[in-house]
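Please have the sequence and the coordinates at hand.

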Amino acid sequence: MKFRISTISALLLLMFSLTGCDFFRTLAGRPTSADIAARAERIAQYEDKLMKEQAVQDSLAAVRKAQEARTAAAEAIANLGYIVQPSNQVKSLNGIRLEHDYSLMIGTYHNVDNAVKLAESIREQGFPTDVIRFFSGAVAIATCATDDPVEFIQFMEKVKGQSFCRPDAWILKKVAE
């Protein structure tokens with residue numbers, strides 16, 4: 001009898017050491033280590049998917065916020081107190097390709113030398129300038145040229161009060177052709 005008990009005990013001990021915890025989990029109806037690993041993998045994949053979706057949502061929100069800022073700035077440009085002239089309504093510009101969406105037009109001259117002198121003077125004060133030649137032969141000086149309405153508003157804040165920013169200055173807004 002002692003032999004049987006010790007033999008059965010030895011066999012049980014051997015069986016438990018070879019089968020591990022999964023044997024008991026299976027007997028108890030619990031998930032095995034393979035089931036737990038598979039579930040952990042599914043959870044990791046789901047969390048990865050959620051993170052990617054959140055990144056897309058964050059990106060869309062950033063784009064939406066930037067667009068709202070651009071729209072608000074474009075509306076603010078209309079309220080700066082300057083005439084805003086769409087490029088398609090400036091007859092002398094027909095066919096001339098503008099580089100930027102917004103420009104502050106600070107002077108138009110028939111004498112090219114006068115226009116170049118003014119442009120150089122403005123550049124010396126730290127403001128970028130463009131010289132735009134119209135088909136009529138006139139030459140215009142533009143500053144604050146940019147595609148971003150928010151940046152244009154910031155430029156305008158710096159330019160206001162400068163001696164070259166005259167009351168008859170106007171804003172040229174590029175219109176898609």
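1. In which helix is Ala76 found? The model is predicted, and in it Ala76 belongs to helix H3. This residue is partly exposed, its relative accessible area being 30%. Helix H3 itself covers residues 33–78.

2. On the overall fold, the protein chain has 5 helices and 5 strands. Their order along the sequence is α-α-α-β-β-α-β-β-α-β. The chain is more spread out than a compact globule, because its radius of gyration is 37 Å, well over the 16 Å that the globule rule gives for 177 residues. The box filled by the C-alpha atoms, taken along the principal axes, is roughly 125 × 30 × 25 Å.

3. On burial and surface, 26% of the 177 residues in the protein chain count as buried. The chain exposes about 12300 Å², and carbon and sulfur atoms supply 57% of that area. Among contacts with a separation of 6 or more, 71% are between residues 24 or more positions apart.

4. Side chains of opposite charge can pair when their charged atoms come close. A search of the whole structure finds 3 salt bridges. They are taken in turn in the next three points.

5. The pair in helix H3 is Asp48 with Lys52. These residues form a salt bridge in which the closest N and O atoms are 3.5 Å apart. About one helical turn separates Asp48 from Lys52, because they are 4 residues apart in this helix.

6. Another salt bridge joins Asp101 to Lys174, with 3.8 Å between the closest N and O atoms. Asp101 lies in the loop between strand E1 (83–86) and strand E2 (102–109), and Lys174 lies in the segment after strand E5 (170–173), so the pair ties together parts that are 73 residues apart in sequence. Asp101 is partly exposed at 22% relative accessible area. Lys174 is also partly exposed, at 27%.

7. A further salt bridge links Asp168 with Arg166, and here the closest N and O atoms are 3.1 Å apart. Asp168 has a relative accessible area of 48% and is partly exposed. Arg166 counts as partly exposed as well, with 31% relative accessibility.

8. Cys144 deserves a look at its backbone. What is the phi of Cys144? The angle is positive, at about 60°, although this residue is not a glycine. Cys144 is part of strand E4, which covers residues 139–146. Is this cysteine buried or exposed? Cys144 is buried, with a relative accessible area of 2%.

9. Thr32 sits in the loop between helix H2 (21–28) and H3. With 16% relative accessibility, Thr32 counts as buried, because the cut-off for buried is under 20% relative accessible area. Which residues does Thr32 touch, not counting those up to four places away in sequence? Its partners on that count are Asp22, Arg25 and Thr26.

Definitions and conventions: Residues numbered from 1 in each chain as written. Predicted model: local features only at pLDDT ≥ 70, side-chain atom pairs only at ≥ 80, totals over all residues. Heavy atoms only, no water. Helix = DSSP H or I, 4+ residues; strand = E, 2+ residues; numbered from the N terminus. Rg over C-alpha atoms; globule rule 2.2 N^0.38 Å. Buried < 20%, exposed > 50% of the residue type's maximum accessible area, 1.4 Å probe, protein only. Contact = heavy atoms within 4.5 Å. Areas by Shrake-Rupley, 256 points an atom, 1.4 Å probe, with all protein chains shown as cover. Salt bridge = Lys/Arg side-chain N within 4 Å of Asp/Glu carboxyl O.
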